[in-house]
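Dear colleague,

Please find the structure below, followed by an account of what was found in it.

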Amino acid sequence: MEPPDQQAAPEGGGRRDRAVPRSAQFPPPTEDLMDDPTPDSPTPDPTGLFDLAGRVAVVTGASVGLGNRMARVLHAAGATVVVGARRMDRLEVLADELGDRCIPVACDVTSGDDCEALVETAARAGDGHLDVLVNNAGISVIGPAETETYEDFTRVVDVNLNAVFRLCQLAYGPMVAGGGGSIVNVSSILGLVAGTPVKQAGYCAAKAGVVNLTRELGAQWARRGVRVNSIAPGWFPSEMTEVMWGDESSERFVATNTAVGRAGATHELDGALLFLASDASTYVIGQTLVVDGGWTIR
Ligand SMILES: NC(=O)c1ccc[n+]([C@@H]2O[C@H](COP(=O)([O-])OP(=O)(O)OC[C@H]3O[C@@H](n4cnc5c(N)ncnc54)[C@H](OP(=O)(O)O)[C@@H]3O)[C@@H](O)[C@H]2O)c1
């Protein structure tokens, strides 16, 4: 085996950068980087930890469902929220309700131009700086793999994974410019375990991609102050899952296989989101926080 500094190309064939830097996997820390950016205070401030006053957050897929709740939670914690989705009418209802500090932007996350406009709007609101990005927009297509069309598979991957990468990349600059930020990607338990009997190959593949993309970006960007983590929700009521509720066998399936014996209530994601978005998690990098009532514990 060749010593690392003689390896010509990284796995996957990229040739522009050296695969492994001569020094080490991570560059040696500078004195600055060794400093604790948030030195211990003699008086702990447990609620202040979650305070987002003065910060700017982007939430995608905020028109309905979990993203709509997440935007409200960040706003309630003091952030200015820039909310994106395709249904502008729903975003305007949210903005009217929240009053100030909520900026609706029509955004299809599969459009590069729309994603750029979304992040630019947020960076303008933050005088060039973006603090929080929540990549929540998602779709699912249910059906057996043998008949899932290639178009459906790639559409699901485009929205749930490719757009996440694009938005992380766009957010990186304005986050670094302001000294750092927190990216919270929304994965799923179906990025960790199989979905069957709720069959959805594209969705499972995309959500698993989000889990490891989160690790990789977390590793690449931690030293620039950009933390990347994700949340993997279990089953929660929303438009995406509405076919399941009211259907006896689906409800039994969720109740039987979830340790706590029920689906999640949307507010049960509030704590995980606030934790990852705020200074409560400054030493948490590349992790996926599973909020699933115990779905994946056995
Ligand atoms: N509900 C659950 O049980 C559950 C479990 C695990 C993970 N998740 C994940 O949680 C996230 C939110 O899901 P949800 O349950 O709240 O689903 P939902 O009610 O169907 O909401 C999905 C959101 O994504 C937006 N969206 C979809 N395609 C988009 C696109 N191309 N561009 C921009 N926005 C788009 C939708 O807005 P527009 O239609 O207005 O564009 C909507 O606001 C998703 O990533 C989902 O995979 C949900």
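The protein has 8 helices and 7 strands; helices (H or I, at least four residues) and strands (E, at least two) are DSSP runs, numbered from the N terminus. This is a predicted model, in which local features need pLDDT of at least 70 and side-chain atom pairs count only at pLDDT 80 or more, while totals for chains, interfaces and linings use all residues. Residues are numbered from 1 along each chain as its sequence is written.

Of the 298 residues in the protein, 39% are buried. A residue is called buried if 20 or more other C-beta atoms lie within 10 Å of its own, exposed if 12 or fewer, and partly exposed in between, with C-beta atoms placed from the backbone. Two residues are in contact if their C-beta atoms, placed in that way, lie within 7 Å. Among contacts between residues at least 6 apart in sequence, 69% join residues at least 24 apart.

The largest nonpolar core has 69 residues. Such a core is a set of buried Ala, Val, Leu, Ile, Met, Phe, Trp, Tyr and Cys residues joined through C-beta atoms within 7 Å. Helix α5 supplies the largest share of this core, 11 residues. Ala57 and Leu74 have the most contacts inside the core. If residues up to four places away in sequence are not counted, Leu74 touches Leu52, Ala57, Val59, Ala79, Val81, Val132 and Ala277.

Ala277 belongs to helix α8 (residues 270–277), where Leu273, Leu274, Leu276 and Ala277 are buried. The cover over the buried residues of α8 includes α2 (65–76) and the strands β1 (56–60), β4 (132–135), β5 (181–186), β6 (226–233) and β7 (288–291).

Two helix pairs deserve attention. Two packed helices are described by the angle between their axes and the distance between the axes. Axes are lines fitted to C-alpha atoms, for helices over the stretch in contact, and angles run from 0 to 180 degrees between N-to-C directions. Angles under 35 degrees count as roughly parallel, over 145 as roughly antiparallel, 65 to 115 as roughly perpendicular and the rest as oblique.

The axes of α2 and α8 come within 10 Å and cross at roughly 55°. α2 is therefore oblique to α8. In this contact, Met70, Val73 and Leu74 of α2 meet Asp270, Leu273, Leu274 and Ala277 of α8. By class, the contact of α2 with α8 has 6 nonpolar, no polar and 1 charged residues; Ala, Val, Leu, Ile, Met, Phe, Trp, Tyr, Cys and Pro count as nonpolar, Asp, Glu, Lys and Arg as charged, and the others, Gly among them, as polar.

For helix α5 (residues 150–177) and helix α6 (residues 201–221), the axes come within 8 Å and cross at roughly 15°, so the two are roughly parallel to each other. The contact of α5 with α6 has 16 nonpolar, 3 polar and 2 charged residues.

The backbone also has some features to note. Most residues other than glycine have a negative phi, and most peptide bonds are trans. A cis peptide bond, with omega of about 20°, joins Thr196 and Pro197, and Pro197 lies in the loop between β5 and α6. Arg101 has a positive phi, near 60°, and lies in the loop between α3 (88–98) and β3 (102–106). Asp127, in the loop between α4 (112–125) and β4, has a positive phi of about 50°. Arg101 is partly exposed, with 17 other C-beta atoms within 10 Å, whereas Asp127 is exposed, with 10.

Yours sincerely
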